Amino acid sequence: MPLATRRSVLSGAVTGAAALSAAGYAATPAHGAGKSDTVRLTVLGTTDLHGNVFNWDYFKNAAFSNSAGDEIGVAKVKTLIDAVREERRGEPILTIDAGDTIQGTPLAYYYARIDPITKGAVHPMARAMNLVGYDAAALGNHEFNYGIDTIRKFEEQVNFPMLGANAVDPSTKLPVFPPYIIKDYDLGRGRRLRVGVLGLTNPGIAIWDKAIVEGKMEFPGLVEQAKIYVPELKKAGCDLVIISAHSGADTSSSYGDELPPENAATLVAEQVPDVDAILVGHAHREITERFVSNAETGKQVLLTEPLYWGMRVSVMDLVVRREKGRGRPRWVLQSATSQTLNSNTVDADPDVSAAVQEQHDVVVSYVNSVVGNSAVEMLAARAVVEDVPIIDFVSFVQADAVKAALTGDDAALPVLSIAAPFSRAAAFPAGEVTVRDVAGLYIYDNTLMAVRITGAQLKDYLEFTARYFKRVSGTGPFPIADVTNAPTDTAPNGTPDYNFDTIAGLDAALTYDIDISMPVGSRITDLAYDGVAVTDAQEFVLAVNNYRQSGGGGFPHVTDATVVYNQQVEIRQLLIDWVTANQVIDPATFASVDWRLVSDGEPITVNS
């Protein structure tokens with residue numbers, strides 16, 4: 001399936017200087033490797049590519065589009081990077097990535113699970129990124145989703161190191177991936193510029209992929225490890241130290257204070273001397289240029305984060321001057337600036353496109369294969385404000401799988417299941433349902449688990465998830481945005497949809513109201529199972545995903561509760577298999593109104 005874009009259709013190939021101009025490139029004074037003792041190091045950076053090679057939305061079976069007009073993919077990234085390299089030919093250039101590479105699209109999933117790279121396939125992101133010519137990439141937390149064997153195979157397939165100074169062996173506390181690289185640039189006349197690149201990943205891996213890494217790897221804090229390895233790089237003679245950090249700039253943690261901060265790039269800049277610049281990742285935010293003052297030296301450290309999925313490329317300009325003193329001459333940083341280039345202005349690189357096209361076509365065919373039928377249209381658009389059948393479907397399949405596997409006393413307990421609205425765009429059409437439809441509903445690579453909880457713990461869990469709603473009074477009508485995505489201490493920019501769990505029963509309904517006129521912690525009312533009020537001592541089995549059970553989102557009780565089911569079954573595949581086996585998705589067999597939003601006990605109205 002050729003991937004023509006509106007840009008290529010309208011104007012033909014957009015490359016070189018034209019590409020830079022179209023992308024919003026602001027030219028800066030050249031500092032080459034000639035006679036001048038002032039030299040510019042260009043650092044090109046990407047992050048959170050998440051398996052996107054082409055400007056393609058596999059869930060929509062169409063070219064990617066959003067309201068901002070962005071376009072995505074490594075193929076476009078390469079066009080921009082090649083254009084900068086051409087414009088700065090002869091100058092030292094470094095190309096790095098800040099992690100989350102091999103997960104996020106059906107293309108990435110297919111070559112991890114359906115035709116896995118551990119059994120001979122070459123990962124499409126390896127093909128694409130090798131053609132870009134990266135010098136190094138930091139490990140992202142999603143690199144671990146498919147297991148350590150998959151990471152190691154990907155590491156073999158790429159032509160650059162995967163860096164992780166804070167992914168360490170539990171016994172030796174030494175990194176199990178290269179912590180850094182050192183690059184030497186020959187600037188002529190016997191002059192050399194030595195640059196260290198330190199890679200840091202996210203401590204949250206210990207929670208989010210606990211089942212994969214526990215006992216095998218530990219993930220200490222970014223600041224802690226940077227304080228070890230930045231001095232080591234300086235001792236090795238590095239004139240500049242660049243950090244590629246899979247950690248956001250705005251300090252916060254989705255998991256509270258159980259581990260070192262999830263988003264710690266600013267803390268590294270503030271607390272670790274001798275860092276010159278940080279390529280930031282993980283937060284999926286665009287930071288064109290930000291400066292953070294180091295508390296010890298007063299030095300201004302440059303931070304930049306390009307937008308995710310290849311929508312942007314960061315271009316850092318680090319200008320150094322050669323200063324003579326005792327000993328060998330050294331390079332001293334004179335200025336640091338950055339800008340971001342927009343991928344929506346350029347064509348995909350033909351070499352990357354050609355290298356991955358066949359794999360792309362295989363995956364397009366796979367995700368568009370029909371697995372069953374839906375009796376009615378089911379939409380997730382309003383799943384954040386009302387109980388909808390498409391979310392009930394997820395809960396039903398999860399609970400049904402857990403119940404079938406329970407034994408002993410656990411088999412006699414009522415089975416409940418959590419589900420969250422991962423994508424408001426998810427939909428099952430009336431009629432044929434494809435792999436793409438199901439994958440669009442469950443976009444994460446979570447596995448199914450189940451724990452035993454009490455009625456008191458169930459209520460605590462629901463009170464926690466009800467933090468998702470802003471406090472309002474009256475019955476409305478309210479716009480969706482006025483009641484959802486409430487900011488919290490751990491989510492200052494608003495609680496994401498994926499952290500709003502609803503809970504449903506399998507053999508009988510679990511019913512409850514969420515009274516958003518009440519303060520957080522006092523919102524769940526009329527909690528009942530099969531029409532009878534839930535008691536504190538009552539016991540249930542609760543189906544959860546591994547992300548939740550390992551602490552993702554900081555939900556109470558499930559991390560400490562007794563695990564009664566853990567067969568490492570991927571939930572998305574479980575849903576696909578259920579549709580394939582049963583052929584018809586009929587809400588009449590599983591859907592009921594389990595919960596509703598109220599204000600002072602009265603149902604509220606929320607508009608689209």
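Helices (H or I, at least four residues) and strands (E, at least two) are DSSP runs, numbered from the N terminus. The model is predicted: local features need pLDDT of at least 70, side-chain atom pairs count only at pLDDT 80 or more, and totals for chains, interfaces and linings use all residues. Residues are numbered from 1 along each chain as its sequence is written, and side-chain values use heavy atoms, with hydrogens and water left out.

**Exercise 1.** Locate Gln-583 and state its accessibility class.

Step 1. Gln-583 belongs to the loop between α16 (571-582) and β28 (584-585).
Step 2. Its phi is positive, about 70 degrees, although Gln-583 is not a glycine.
Step 3. Buried means under 20% relative accessible area, exposed over 50%, and partly exposed in between (1.4 Å probe, protein chains only). Gln-583 has 36% relative accessibility and therefore counts as partly exposed.

**Exercise 2.** Carry out the analysis for Asn-485.

Step 1. The loop between β21 and β22 (502-505) holds Asn-485.
Step 2. Phi of Asn-485, a residue other than glycine, is positive and near 60 degrees.
Step 3. Asn-485 is partly exposed, because its relative accessibility is 23%.

**Exercise 3.** Describe how β24 pairs with β23 and β25.

Step 1. Two strands pair if DSSP finds at least two bridges between them.
Step 2. Strands β23 (residues 510-515) and β24 (residues 524-529) run antiparallel and are joined by four bridges; Ile-514 stands opposite Ile-524.
Step 3. Two bridges pair β24 with β25 (residues 532-533) in the antiparallel sense, and Tyr-529 has Val-532 as its bridge partner.
Step 4. Two residues lie between the strands of the β24 and β25 hairpin, where Asp-530 takes a positive phi near 55 degrees.

**Exercise 4.** Characterise the aromatic pair of Phe-144 and Phe-219.

Step 1. Rings of Phe, Tyr and Trp (its six-membered ring) pair if their centres lie within 6.5 Å; planes under 30 degrees apart count as stacked, over 60 as edge-to-face and the rest as tilted. A search of the whole structure finds 23 such pairs.
Step 2. Phe-144 and Phe-219 are edge-to-face, with 5.4 Å centre to centre and 90 degrees between the planes.
Step 3. Phe-144 lies in the loop between β5 (136-138) and α6 (148-157), and Phe-219 in the loop between α8 (210-213) and α9 (222-235), so the pair ties together parts that are 75 residues apart in sequence.
Step 4. Phe-144 is buried at 0% relative accessible area, and Phe-219 counts as buried at 5%.
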